[in-house]
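Colleague: I am new to this structure. Please show it to me, and then I will ask about it.

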Amino acid sequence: MEGLWVPADVHAGFGVALVSVWTDLLVLTDGRCYRWWTGEVDRIGHRTYTYCPVETPATAAHDVARVREILRARQPERAEPSADPV
């Protein structure tokens, strides 16, 4: 997602990789597909997830970047915590 200017943290282990993109936006891959929350909920309040095959990483990156922008509009980045806790 570097080419889209989307900062992210990658965590790998136990056969999966997790990419933390934004608050409530985590992309999971098991090497076969990418999965992430679409930013939407169904009629009973469950989160709706989508996926993209790993053979099309550019498509996944663009879709995740679009969801990130939706989530950013809903909840701007939180301020950094104070270095001196009270």
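Colleague: How many aromatic pairs does the count come to?
Modeller: This is a predicted model, in which local features need pLDDT of at least 70 and side-chain atom pairs count only at pLDDT 80 or more, while totals for chains, interfaces and linings use all residues. Residues are numbered from 1 along each chain as its sequence is written, and side-chain values use heavy atoms, with hydrogens and water left out. Rings of Phe, Tyr and Trp (its six-membered ring) pair if their centres lie within 6.5 Å; planes under 30 degrees apart are stacked, over 60 edge-to-face and the rest tilted. By this rule the number of aromatic pairs is 0.

Colleague: Which residue has its charged end over the ring of Trp 37?
Modeller: A charge sits over a ring if NZ of Lys or CZ of Arg is within 6 Å of the ring centre and within 35 degrees of the ring normal. Here the distance to the centre of the Trp 37 ring is 3.9 Å, and the residue is Arg 47.

Colleague: Is Val 64 buried or exposed?
Modeller: Val 64 lies in helix α1. Buried means under 20% relative accessible area, exposed over 50%, and partly exposed in between (1.4 Å probe, protein chains only). The relative accessible area of Val 64 is 2%, so Val 64 is buried.

Colleague: Which backbone oxygen does the side chain of Thr 29 reach?
Modeller: Thr 29 is in strand β3 and is buried, at a relative accessible area of 14%. Not counting residues up to four places away in sequence, Thr 29 touches Gly 15, Val 16, Ala 17, Tyr 34 and Val 54, contact being heavy atoms within 4.5 Å. At 2.9 Å, its side chain reaches the backbone oxygen of Cys 33.

Colleague: Which residue in β5 does Tyr 34 stand opposite?
Modeller: Strands pair if DSSP finds at least two bridges between them. β4 and β5 (residues 47-53) pair in the antiparallel sense over 6 bridges. Opposite Tyr 34 stands Cys 52.

Technical notes. Helices (H or I, at least four residues) and strands (E, at least two) are DSSP runs, numbered from the N terminus. A polar contact is a pair of N or O atoms within 3.5 Å; within protein, one must be able to donate a hydrogen and the other to accept it, and residues adjacent in sequence count only if both atoms are side-chain atoms.
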